[in-house]
Amino acid sequence: MARIGCIIKRNYYNLDANPLTRLPGNLSIIRTIEERLQQEEPIAITYFDLDSFKAFNDFYGFSLGDEIIKQTAKIILGCIHDFGTANDFLGHIGGDDFILVTTPDRVDDICLNVIKKFDAVIVNYYNSDDREKGKIIIEDRRGKLQEYPIMGISAATMTNQFKKSGISVKSAP
């Protein structure tokens, strides 16, 4: 019975997996958060989003954009491995959005290291001219030139650490 239960659970997660990163998708994210909240233990939920990703994707192409999404997943997973716990969860909502479920005592180390590693790696995806300028310049839908800085990653965390019930919010730089 235990083996069958594991197979069912694995198939559930595989069906819900994001095709690009193979990380669990929306159904698994919701299920994990609900389960952790029901346990009434302190949790931290972090939403990661790439800043200026759409402009990069439009300028450099979807193929390179997909590589950045995969690289971002690897960076976050590496930081979870280095600074998190075995029970931490990473899901891929889609596009450039990820959800981390961890504990309040680990979330700052994970997030700060994700940002640090992302910033160190992302410049390598830009050509030398754009790296030197620190931005890309592209034409918007109206034909007007727009400037977009080198891509960054933002992290917003909600935690129930300071409340008996409910969630409180904090943001990482």
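# Reading packed helices and a cavity

Colleague: Which residues of H3 meet which residues of H4?

Modeller: Phe53, Phe56, Asn57 and Tyr60 in H3 meet Phe62, Leu64, Gly65, Ile68 and Ile69 in H4. Sort that contact by class and you get seven nonpolar, two polar and no charged residues. Keep in mind that this is a predicted model.

Colleague: Okay, and how do I describe two helices that pack together?

Modeller: You give the angle between their axes and the distance between the axes. H3 covers residues 53–60, and its axis comes within 7 Å of the axis of H4, with a crossing of roughly 140 degrees.

Colleague: What word goes with that angle for H3 and H4?

Modeller: Oblique. Angles over 145 degrees count as roughly antiparallel and 65 to 115 as roughly perpendicular, and H3 and H4 are therefore oblique to each other.

Colleague: Let's do another pair. How do the axes of H4 and H5 cross?

Modeller: H4 spans residues 62–83 and H5 spans residues 104–122; their axes come within 9 Å and cross at roughly 140 degrees. That makes H4 oblique to H5.

Colleague: Is the crossing of H4 and H5 left-handed or right-handed?

Modeller: The H4 and H5 crossing is right-handed. To find the contact in the structure, look on H4 for Ile68, Gln71, Thr72, Ile75, Ile76, Cys79, Ile80, Asp82 and Phe83. Their partners on H5 are Arg106, Asp109, Ile110, Asn113, Val114, Lys117, Phe118, Val121 and Ile122.

Colleague: How many nonpolar, polar and charged residues are in the contact of H4 with H5?

Modeller: There are 11 nonpolar, three polar and four charged residues in the contact of H4 with H5.

Colleague: Which residues line the largest cavity?

Modeller: Ile68, Gln71, Thr72, Ile75, Phe118, Val121, Ile122 and Tyr125 do. H4 and H5 each supply at least two residues of that lining, and H4 gives the largest share, with four residues.

Colleague: And how do the residues of the lining divide by class?

Modeller: The lining of the largest cavity has six nonpolar, two polar and no charged residues.

How values were computed:
Residues are numbered from 1 along each chain as its sequence is written. This is a predicted model: local features need pLDDT of at least 70, side-chain atom pairs count only at pLDDT 80 or more; totals for chains, interfaces and linings use all residues. Side-chain values use heavy atoms; hydrogens and water are left out. Axes are lines fitted to C-alpha atoms, for helices over the stretch in contact, and angles run from 0 to 180 degrees between N-to-C directions. Angles under 35 degrees count as roughly parallel, over 145 as roughly antiparallel, 65 to 115 as roughly perpendicular and the rest as oblique. A crossing is left-handed if the near helix is turned anticlockwise from the far one by less than a right angle, and right-handed if clockwise. Contact means heavy atoms within 4.5 Å. Ala, Val, Leu, Ile, Met, Phe, Trp, Tyr, Cys and Pro count as nonpolar, Asp, Glu, Lys and Arg as charged, and the others, Gly among them, as polar. On a 1 Å grid over the protein atoms alone, a cavity is a set of points where a 1.4 Å probe fits but cannot get out, and a pocket is an open set with protein on both sides within 12 Å along at least five of seven lines; lining residues have an atom within 4 Å of a point.
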